[in-house]
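I opened my notebook to go through this structure one feature at a time. Here it is, so that you can follow along.

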Amino acid sequence: QLQRLQDDLGEDGVVLGRLDRSPFQKLLIELADPQQFLVDYMTEPGPIETLLAMLEEKQSRQVDLALDLPVAAVWQPDNVTADMTPPAIFEKYCASFYRKQGAKLRAANKAYLVHLDGRLAPLAPAIAGSTFDVVESFSFAEMGNDLSETDALQLWPDKVICPNFPASMSGKSRREIEDYCAAKVQAFGPRPFMLQISEDLPADHYAHVLESLTGFFSR
């Protein structure tokens with residue numbers, strides 16, 4: 001199936017090896033009610049620590065499997081924001097996980113992408129020290145991020161930042177979208193980046209946004 005996907009995509013893109021969320025984010029987002037989970041973690045962390053260790057062992061095996069797959073990039077859809085994963089917790093569970101798994105992926109010459117789409121200013125130092133290559137789905141300030149792309153570029157000189165096109169721009173004219181993209185290109189300067197669509201756009205604006213983006217970036 002992987003080979004079929006690669007053959008179908010050809011030179012038009014990259015097939016990602018999709019991992020599960022890292023252990024803490026999986027518990028927070030998928031396996032438990034976030035509010036109750038954080039209360040339980042602060043009041044009775046023992047059982048949660050045991051479960052996190054089991055999840056990390058399982059997910060480490062996922063990465064080991066990805067090492068042998070013919071994919072150039074591996075993606076972790078973590079959906080991190082400091083509002084729900086504060087710095088001490090992020091460092092203890094997320095950043096440490098990224099360092100362990102990132103070292104293996106880097107040794108196998110595979111790019112490691114982590115989906116960090118929330119408020120990141122408090123987490124910026126830990127992100128800088130994490131062994132992954134791409135900050136995927138970076139949110140611009142108009143989407144609520146408290147870290148500007150200018151600051152992120154300075155703080156993370158060794159990482160590629162893939163920002164997310166804001167859905168709030170969908171109703172703008174083609175000229176406004178192109179001007180917006182031009183400003184972002186100027187902000188990133190010589191640094192490589194990829195503007196992506198990773199949140200839902202209004203269905204009746206999707207074609208308009210894609211035409212505006214492809215028209216601008218194909219010049």
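Over which ring does the charged end of Lys159 sit? I found it over the ring of Phe132, 4.4 Å from the ring centre. For this I asked that NZ of Lys or CZ of Arg be within 6 Å of the ring centre and within 35 degrees of the ring normal. I noted another case: the charged end of Lys184 sits over the ring of Phe140, 4.1 Å from its centre.

**Ground rules**

I am reading a predicted model, where local features need pLDDT of at least 70 and side-chain atom pairs count only at pLDDT 80 or more, while totals for chains, interfaces and linings use all residues. Residues are numbered from 1 along each chain as its sequence is written, and side-chain values use heavy atoms, with hydrogens and water left out.

**The sheet**

I looked up the strands next; helices (H or I, at least four residues) and strands (E, at least two) are DSSP runs numbered from the N terminus. Five strands make an open sheet with parallel pairing, in the order S1-S2-S3-S4-S5. At its edges I found S1 (16-18) and S5, each pairing on one side only. Two strands pair if DSSP finds at least two bridges between them. On average, neighbouring strands of this sheet are turned by 25° against each other, direction ignored.

Val74 has Tyr112 in S3 as its bridge partner. Helix H5 (residues 87-107) packs on the sheet and touches S2 and S3, and its direction makes about 155° with that of S3. Such angles run from 0 to 180 degrees between N-to-C directions, with axes fitted to C-alpha atoms, for helices over the stretch in contact. Contact means heavy atoms within 4.5 Å.

**Aromatic rings**

I counted rings of Phe, Tyr and Trp (its six-membered ring) as a pair if their centres lie within 6.5 Å, with planes under 30 degrees apart stacked, over 60 edge-to-face and the rest tilted. The count comes to 14 aromatic pairs. Tyr41 and Tyr93 form an edge-to-face pair, 5.9 Å centre to centre with 80° between the planes. Tyr41 lies in helix H3 (residues 34-43) and Tyr93 in H5, so the pair ties together parts that are 52 residues apart in sequence.

Are these two tyrosines buried or exposed? Tyr41 is buried at 11% relative accessibility, and Tyr93 is buried with a relative accessible area of 11%. Buried means under 20% relative accessible area, exposed over 50% and partly exposed in between (1.4 Å probe, protein chains only).

I also looked up a cluster that ring pairs make from Phe138, Phe140, Trp156, Phe165 and Tyr180.

**Helix H2**

In H2 (residues 23-31), I listed Pro23, Phe24, Gln25, Lys26, Leu27 and Leu28 as buried. The buried residues of H2 pack against H3, helix H4 (45-67) and H5.

**Two loop residues**

Ser139 lies in the loop between S4 (134-138) and H7, and it is buried at 4% relative accessibility. Which backbone oxygen does its side chain reach? The side chain of Ser139 reaches that of Asp117, at 2.5 Å. Leaving aside neighbours within four places in sequence, Ser139 is in contact with Asp117, Gly118, Asn145 and Leu147.

Asp158 is in the loop between H7 (149-155) and S5 (160-163). I noted Asp158 as partly exposed, with a relative accessible area of 49%.

Conventions
A polar contact is a pair of N or O atoms within 3.5 Å; within protein, one must be able to donate a hydrogen and the other to accept it, and residues adjacent in sequence count only if both atoms are side-chain atoms.
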